[in-house]
Amino acid sequence: MRAAAIAAYLAALLAVDTQVSLHGQLLLGALTWIAVVVAARPLAPERRAQVAVVICAATVAELTGSILWGVYTYRLHNLPTFVPPAHGLVFMAGLALSDGVRRHARALVVVAAVAATTWGVLGVTVLPRTDAAGALGVPLLLAFLWRSRARAAYAGVFLVVAALELYGTAIGTWRWAEALPGLGVPDGNPPSGVASGYVWFDVMALLVAPRILALCTAVPRLGQVKYGDEPPLRGGINQA
């Protein structure tokens, strides 16, 4: 239900975005940041740190891929303010989906692997737009689904991202270039590999978040050792 609620919010968000101006996008951005805070509040500290890492990594990727490189373009040719926090919601939805079907994690991984492989093959064979660039990302996802201990989380995130990409491009919230700018490699709209590429955000979150928490815990301890464990001064006002 948690995954479904987040997915419903994101679907409504993208639909509303097609009807508003830049000022409306700013309001949607503020609302989405509030939604991230509310959704992340029940999570464990490590999970909240992972959400923060995903948002940071995804923002860098968005600025690079959309604004600088032009691989895809949003409706108003900007980076909508709701996009960075929405990535955090996508990550939480994928985790919720994998947690909700924990007893059937193997089946979830198989469904994600079959969906990604089928999409990649169709993209270079029968789909209207050749999706060579997208197909390159499919082996990456399959490798993580095969070898990683967090394969169920990756599978859940992949399915959520794939659904949102198909929905977002269908209603015109964003559009992918027909070929990678400067490279000329044909790309789909959306490319099959974009959902696979999202795995990199998850990898960074799962690897970096524990280190961030450890650092945040270590800093106060260092301060306590430096300032709180000093022996009391001898003498003092009373003895003087």
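**Close-up views of a predicted chain**

**View 1. Helices α1 and α2 pack at an angle of about 175°, with their axes 11 Å apart.** This is a predicted model, in which local features need pLDDT of at least 70 and side-chain atom pairs count only at pLDDT 80 or more, while totals for chains, interfaces and linings use all residues. Residues are numbered from 1 along each chain as its sequence is written, and side-chain values use heavy atoms, with hydrogens and water left out. Helix α2 covers residues 22-40. Axes are lines fitted to C-alpha atoms, for helices over the stretch in contact; angles run from 0 to 180 degrees between N-to-C directions. The two helices, α1 and α2, are therefore roughly antiparallel to each other (angles over 145 degrees count as such; under 35 is roughly parallel, 65 to 115 roughly perpendicular, the rest oblique). From α1, Arg2, Tyr9, Leu13, Val16 and Asp17 meet residues of α2. The α2 side of this contact (heavy atoms within 4.5 Å) includes Gln25, Leu28, Leu31 and Thr32.

**View 2. Arg75 and Asp17 join side chains in a salt bridge (3.7 Å, N to O).** The pair links distant parts of the chain, 58 residues apart. Arg75 sits in the loop between β1 (72-74) and α4 (83-100), Asp17 in helix α1 (residues 2-17). A salt bridge is a side-chain nitrogen of Lys or Arg within 4 Å of a carboxyl oxygen of Asp or Glu. Asp17 is buried, at 1% relative accessibility. Arg75 is partly exposed, with a relative accessible area of 26%. Buried means under 20% relative accessible area, exposed over 50%, and partly exposed in between (1.4 Å probe, protein chains only).

**View 3. Arg102 and Asp99 form a salt bridge (3.7 Å, N to O).** Arg102 counts as exposed at 59% relative accessibility. Asp99 is partly exposed, at 37%. A search of the whole structure finds two salt bridges.

**View 4. His77 has a positive phi of about 60° although it is not a glycine.** His77 lies in the loop between β1 and α4. Its relative accessible area is 66%, so His77 is exposed.

**View 5. The peptide bond from Asn189 to Pro190 is cis.** Omega is near 5°. Pro190 is found in the loop between β2 and α8.

**View 6. Leu63, Ile67, Leu68, Trp69 and Leu183 make a nonpolar patch on the surface.** Together they have about 530 Å² of accessible area. Such areas come from the Shrake-Rupley method with a 1.4 Å probe; for residues, only the protein chains shown count as cover. Patches are made of residues with over 30% relative accessible area and no salt bridge; like charges are joined within 9 Å, nonpolar side chains (Val, Leu, Ile, Met, Phe, Trp, Tyr) within 5 Å. Leu183 belongs to the loop between β2 (174-176) and α8 (192-197). Leu183 is exposed, with a relative accessible area of 55%.

**View 7. The chain holds 10 helices and two strands.** Helices (H or I, at least four residues) and strands (E, at least two) are DSSP runs, numbered from the N terminus. The order from the N terminus is α-α-α-β-α-α-α-α-β-α-α-α. The C-alpha atoms fill a box of roughly 90 × 45 × 40 Å, taken along the principal axes. Buried residues make up 41% of the 240 residues. The chain exposes about 13400 Å², with 68% supplied by carbon and sulfur atoms.
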